[in-house]
Amino acid sequence: MVRREIQRFCIYTLFLTILVLPMVGMRGPEFEARRAFTVLSVLVGVLLLTTVFRLLRETSFYRNLGQRIRQRRDRALGKIQVLPRPVALGSLFFLLALFPFAANNYVIDVAITVLIYVTLGLGLNVVVGLAGLLDLGYIAFYAVGAYTYSLLNLHYGIPFWFALPFGVVIGSLCGCIIGYPTLKMRGDYLAIVTLGFGEIIRLVLNNWDNLTKGPNGLLGMDKPKLILPSFSDGGLSWTVVPLKSLPSLYFVILAVALLTVIAVHRLNNSRIGRAWIAIREDETAAELTGIPTTLLKLLAYALGAVFAAVAGAFFAAKLSYTNPNFFVFLESCVVLSIVVLGGMGSIPGIILGALALIAIPELFRELASYRMLAFGGAMTVMMVLKPEGFIPATRRKRELHEEELESEEAADE
Amino acid sequence: MNENGPAKAVLQLNEVHTYYGRIHALKGISCRIPSGGIVCLIGANGAGKSTTLMTICGVQPAAKGEILFEGRPIHRMRPEQIASLGISQVPEGRQIFPLMTTLENLEMGAYLRKDRDGIKRDLEKVYSLFPVLKERRNQLGGTLSGGEQQMLAIARALMSRPRLLLLDEPSLGLAPLLVERIFDTIQEINRAGTPIFLVEQNAQMALSISGWGYVMETGRIVLADRARALLEDEQVKKAYLGE
């Protein structure tokens, strides 16, 4: 055990040296030794820590620690679960509704971003978590939603709410377009094609100057509007109020996110959701039991795309601006990370994941680029310790911790 | 006697060709499954036995030829349409849903059915056929033993109330005692009225419960006869019965 870890450490160090020294050190013709070795030493240091950590994991101290933490957590969760479900959900909703009156604009802005990513995460969860189709280009549908609204609004003056159905239709069409050619693909191949599709959308937006104004982006879309009754001139009249303030926009995206939660929850427990899970677990067996796999996979893509398109339209309306650089590959990665980190297939997990990945980096904004480093580190630690995510869907938990659960059950008996 | 097999067929394949990309997996297969009987298809690994079943179910569609189920052409249909007609396959290697419980697996088998009462009755029926599944109903499919998984796979296929049951290597990787148990059950299912098309490498076992048998070699059917006759056939004895 110890020998294997040390062996591994040496191999990785060698690998890093070969990789990092030329990549970091070679600046033009000269070799910057100091720079290269600084970076290398940091990396090797991290590697050393990981090795020590891996060795510690095998000790009984660590095992006991894990068990103690689990017990504490279960006890804490037990206390929360004392509240009846409707009461808990109701008070949560109440807090969410009151939130903008207690917070400043900056915090509300962050909250809006979190809610956008909750919507995106839940949408991607339909594709990845339920149907088991790895999608690395998901952000493309977000872009489609944003540009659909922007173009419709700028050219035809269509207001936000009326543009939404168009966004939904075009988004789901795009979902089918990416879905159709990939139906026969599985695993890695599918991931590569979706990755390519995401980039194609971004590059088209970037280069179709006549339509999208290229990298300059589109500017000046209307905010969402509400029609409210007013009693100003004695009688009842209707006024159109643009939702300019951040709190009002917060309520719009809160509604979108809540609807998404409800929709995904319903899907999760539906016949369709069951069929998706069957496809994820064994596609051939699913086909043989009479599940129309082709149709359902397309449906997963289309539905996933719909949520992203709605979020995208809101995003463009909120900023009154959009440009292709909002929709880079990294964004797809962030959304995927939210799903994986939070817990695939689990709605509370994904909400927590969005909070963790969007709000927490915001807290450490002063640390600038180091936060990406911390982010990467945290992801790695998380995947080592809790690969099923913060709040795993029960099914997923069974899959990854089968031995543990079994041994616990055995201990109970 | 018909050269291609028994008369009055529930399923009939006429000159079926199937390709995997460029690989010509089935080179003109013709066979017939009588309504009510058990027919087996034996042959070595890679002869195309599983492909034959996948072609019937539409998962690996036929490129040429004709497949008739109860007189109706099905070779252009999609897998879910074929399944809804009543052809149910137990795939090779016990492809159950590992993260679903036994009960959930069985419910997936009845995916195309809407009659709740009927499903409940059939659930009791398969439980009486495989009592161990009732004990294990809340256990994950993936944690069942090999034999239990095979039973679950068969039970899941039965949950769709098949009019024809296709079985792919039900004896694969099972202890001899279990194999016998499974084959007894297959006969029991057949006696209850479901015609069975059985693909097996265990030729002895398969032929002993079948009425008719086909022998397959590299994508072609090379022999077709009554199962009893095949058991006596010198060629078959040498190649498949290990005598």
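**Notebook: chains A and B**

I looked up burial first: of the 243 residues of chain B, 48% count as buried (20 or more other C-beta atoms within 10 Å of the residue's own, with C-beta atoms placed from the backbone).

I note that this is a predicted model, where local features need pLDDT of at least 70 and side-chain atom pairs count only at pLDDT 80 or more, while totals for chains, interfaces and linings use all residues. Residues are numbered from 1 along each chain as its sequence is written, and chains are lettered from A in the order in which they are written.

Next I read the secondary structure of chain B, which comes to ten helices and ten strands (DSSP runs numbered from the N terminus: H or I of at least four residues for helices, E of at least two for strands). The radius of gyration of chain B, 17 Å, is close to the 18 Å from the globule rule for 243 residues, so chain B is as compact as a globular protein of that length. The radius is taken over C-alpha atoms, and the rule is 2.2 Å times the number of residues to the power 0.38. Along the principal axes, the C-alpha atoms of chain B fill a box of roughly 45 × 40 × 35 Å.

Last, I checked where the chains meet. The contact takes 16 residues from chain A and 21 residues from chain B (C-beta atoms, placed from the backbone, within 7 Å). On chain A, helix 11 (271-281), helix 12 (283-288) and helix 17 (394-400) give two or more residues each.

Conventions: Contact = placed C-beta atoms within 7 Å. Buried ≥ 20, exposed ≤ 12 C-beta atoms within 10 Å, placed from the backbone.
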